[in-house]
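Hi,

Here is the structure I said I would pass on. Have a look at it first, and then read my notes below.

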Amino acid sequence: MNKLLLGCGLLLCSFTVAPDGPWFSGKIVYKNSFATLTGQDITDKIAPVMGSQNLYYINGENYKSYTEKKQLLELYTAKTNEMQYFINGQKSVIDAAANAPAAVVKPLTEKATIAGYACQSLQIDADGNTTVYYYSPKLRVNPELYSKHLAGNWYAFLKASKGALPLKFTMTDRKQGFVMNCEATSVEAMALPLSEFTPEAPAR
């Protein structure tokens with residue numbers, strides 16, 4: 001009996017997820033909506049620029065995002081630690097190591113199921129703005145690969161979520177006067193080589 005219990009214990013251990021993985025590589029499709037601070041829907045005004053959908057690809061230390069028309073919006077590569085933005089065909093580059101406003105991270109108790117994944121939540125307040133994130137521990141990247149990505153408090157979020165990617169976030173931007181709600185509609189694991197993370201690479 002003792003040998004049987006020991007064998008069962010070893011079998012269970014073999015299915016235990018290691019604390020340092022497995023890491024997610026693939027595509028997440030998000031649906032976007034926008035509103036004023038008073039709740040008026042302004043999706044029709046902002047979606048043509050930001051996209052009514054975002055096709056988001058990540059392979060661990062690099063990510064990129066496209067509109068539903070497969071127009072590149074954002075590209076980040078860890079090698080350069082630069083964020084490239086493409087708005088109406090105009091490119092701008094930001095150093096992701098640039099100091100971000102101090103962030104206050106607050107764990108929340110609210111839970112939700114998004115795109116079939118059970119999610120936890122947390123809140124980040126920075127520079128007068130508030131963002132509530134919902135994330136699944138089943139979809140994770142190594143947060144330390146983003147330790148220099150301070151822009152947008154991305155590392156602050158990944159550190160707090162232990163590398164779990166957001167499947168939904170609601171950002172209240174009080175300076176610009178709008179609320180953005182972004183929620184995943186599908187998740188697809190796929191291998192993404194480094195060659196995918198260039199401005200010339202098409203969306204899949």
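**What I found**

Glu 196 counts as buried, because its relative accessibility is 13% and the cut-off for buried is under 20%. Keep in mind that this is a predicted model.

Let's stay with Glu 196 for a moment. Its side chain meets that of Arg 204 in a salt bridge, at 2.8 Å from N to O. Glu 196 also forms a salt bridge with Lys 64, where the closest N and O atoms are 3.4 Å apart. Lys 64 sits in strand S3 (residues 62-67) and Glu 196 in the segment after strand S11 (178-189), so this pair ties together parts that are 132 residues apart in sequence. Lys 64 is buried as well. Arg 204, on the other hand, counts as partly exposed, at 39% relative accessibility. Put together, Lys 64, Glu 196 and Arg 204 are linked in a network of salt bridges.

If you wonder what brings such residues together, side chains of opposite charge can pair when their charged atoms come close.

How many salt bridges does the structure hold? There are 4, and one of them joins Asp 127 to Lys 175, with the closest N and O atoms 2.8 Å apart. Asp 127 is in the loop between strand S8 (117-126) and strand S9 (129-140), while Lys 175 is in the loop between strand S10 (164-173) and S11, so here the parts tied together are 48 residues apart in sequence. Asp 127 counts as partly exposed at 41% relative accessibility, and Lys 175 as exposed at 59%.

Strand S2 (residues 53-58) pairs with S3 in the antiparallel sense over 5 bridges.

**The largest pocket**

The largest pocket holds about 1,300 Å³ of space. It is lined by 38 residues, and the closest to its centre are Glu 74, Tyr 85, Gly 152, Phe 169 and Met 171. Which element gives the most to this lining? That is S10, with 5 residues.

**Two residues with a positive phi**

Most residues other than glycine have a negative phi. Asn 153 is not a glycine, yet has a positive phi of about 55°. You can find Asn 153 in the loop between S9 and helix H3 (154-160). Lys 162 isn't a glycine either, and its phi is positive too, at about 60°; look for Lys 162 in the loop between H3 and S10.

Buried or exposed: what are Asn 153 and Lys 162? Asn 153 is buried, with a relative accessible area of 13%, whereas Lys 162 is exposed, with 59%.

Cheers

Notes: Residues are numbered from 1 along each chain as its sequence is written. This is a predicted model: local features need pLDDT of at least 70, side-chain atom pairs count only at pLDDT 80 or more; totals for chains, interfaces and linings use all residues. Side-chain values use heavy atoms; hydrogens and water are left out. Helices (H or I, at least four residues) and strands (E, at least two) are DSSP runs, numbered from the N terminus. Buried means under 20% relative accessible area, exposed over 50%, partly exposed in between (1.4 Å probe, protein chains only). Two strands pair if DSSP finds at least two bridges between them. On a 1 Å grid over the protein atoms alone, a cavity is a set of points where a 1.4 Å probe fits but cannot get out, and a pocket is an open set with protein on both sides within 12 Å along at least five of seven lines; lining residues have an atom within 4 Å of a point. Grid points are joined across faces, edges and corners, and a volume is the space filled by probe spheres set on the points.
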